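Subject: Structure handover

Hello,

Here is the structure I said I would pass on. My notes on what was found follow below it.

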Amino acid sequence: MRVLLLGGTSEGRALAKALHPKVEIISSLAGRVPDPALPVGAVRIGGFGGVNGLRTWLRDEGIDAVVDATHPFAATITARAAEVCRELGVPHLVLVRPPWDPGDAVVVVSDVEAAEIVAEQRYSRVFLTTGRSGVKAFTDSGAWFLIRAVMAPDAALLPRHHQVLLSRGPYRYVDEFELLREHRIDALVTKNSGGDMTRAKLDAAAALDVPVVMVQRPPLPDGVTNVGTVQEVADWVARLG
Ligand code: NAP
């Protein structure tokens with residue numbers, strides 16, 4: 001059994017740890033961030049070169065199964081892996097991190113819609129945590145933004161009034177509470193990433209009565225099989241072997 005693990009997440013690393021060395025795995029990272037946290041076992045880094053590149057790579061490497069443990073918002077690689085695996089008849093499973101309960105948050109379908117809500121509600125001090133690529137929708141906003149991202153957003157896309165905070169989770173409740181309070185944040189904009197590493201901001205926002213605008217996840221491709229835990233993936237792999 002040779003299994004490709006599409007990763008770049010804490011779940012991807014946990015999965016590699018659960019399977020290695022019993023199962024022959026290759027973890028794949030997109031190569032977006034310098035100095036990424038590496039999973040145990042073999043790792044390859046960089047895009048495959050679209051659907052054709054992925055198809056060729058899977059064949060050349062003699063991959064028997066693919067587990068997609070990418071981030072819930074990494075929709076392109078998820079769609080491509082599903083398409084190529086279906087076409088080649090390679091067993092394919094998606095590990096989906098359970099989403100957060102949005103609670104009282106305003107749920108929107110896109111960054112653009114989140115920006116519309118910010119404008120409509122006249123929020124003026126916004127904690128923007130939708131990542132580097134989420135900034136574009138807010139470029140023309142007149143509000144002030146505390147923008148937290150792993151990598152610096154493109155300078156041309158930054159809104160007029162902002163502060164950029166480069167950092168990587170996990171984040172603790174006490175720190176998130178203090179950050180929101182110190183910057184007098186009046187709205188939190190977040191993706192529904194799910195998981196424990198970045199959820200403390202939601203608890204801090206609730207404690208401070210800060211409204212939340214939450215971008216909903218993109219849907220999974222039709223017909224893919226998905227599970228919610230590393231153990232379920234390990235069981236699935238064991239059944240294949
Ligand atoms: P994306 O939009 O779905 O993918 C864009 C392209 O990046 C893909 O077409 C593929 O290039 C390459 N790619 C993505 N993930 C890859 C992987 N694991 N291995 C090899 N190539 C990969 O992805 P994204 O949203 O930019 O995310 C990139 C990576 O960062 C993912 O692995 C994801 O797990 C991780 N991540 C994403 C987020 C997020 O908010 N989106 C947050 C935390 C971590 P080719 O078409 O050339 O193969």
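The ligand is surrounded by 22 residues, and the closest of these are S28, F48, G49, R80 and K191. Please keep in mind throughout that this is a predicted model. By class, the residues of the shell divide into eleven polar, seven nonpolar and four charged.

For H71, a backbone N or O atom is 2.9 Å from a ligand oxygen atom. For G50, the corresponding distance from a backbone N or O atom to an oxygen atom of the ligand is 3.2 Å. For A75, a backbone N or O atom and an oxygen atom of the ligand are 3.4 Å apart. As for burial, the ligand on its own exposes 800 Å², and the protein buries 77% of that.

Which elements give two or more residues to the shell around the ligand? They are β2 (24-29) and α3 (75-88). Of the shell, α3 supplies the largest share, with four residues.

Next, the domains. The protein chain is divided in two: domain 1 takes in 2-97 + 220-240, and domain 2 covers 106-215. Their C-alpha centres are 29 Å apart. Eleven residues from domain 1 and ten residues from domain 2 take part in the contact. Between them, the two domains bury about 700 Å², with 62% of that area on carbon and sulfur atoms. On the domain 1 side, V33, F73 and R97 account for 56% of the area buried against domain 2, which is more than any other three residues supply.

Last, some backbone details to look at before you prepare the file:

- H20 and P21 are joined by a cis peptide bond, with omega about 5 degrees. P21 sits in the loop that runs between α1 (10-19) and β2.
- G169 and P170 are also joined by a cis peptide bond, again with omega about 5 degrees. The loop between β9 (161-166) and α5 (173-182) holds P170.
- D35 has a positive phi, near 55 degrees, and is a residue other than glycine. D35 belongs to the loop between β2 and β3 (42-45).

Regards

Key:
Residues are numbered from 1 along each chain as its sequence is written. This is a predicted model: local features need pLDDT of at least 70, side-chain atom pairs count only at pLDDT 80 or more; totals for chains, interfaces and linings use all residues. Side-chain values use heavy atoms; hydrogens and water are left out. A residue is near a molecule or strand if one of its heavy atoms lies within 4 Å of it. A polar contact is a pair of N or O atoms within 3.5 Å; within protein, one must be able to donate a hydrogen and the other to accept it, and residues adjacent in sequence count only if both atoms are side-chain atoms. Accessible areas come from the Shrake-Rupley method with a 1.4 Å probe; for residues, only the protein chains shown count as cover. Ala, Val, Leu, Ile, Met, Phe, Trp, Tyr, Cys and Pro count as nonpolar, Asp, Glu, Lys and Arg as charged, and the others, Gly among them, as polar. Domain bounds come from an automatic or database domain assignment. Contact means heavy atoms within 4.5 Å. Buried area is the accessible area (1.4 Å probe) that two parts lose on being put together, summed over both.
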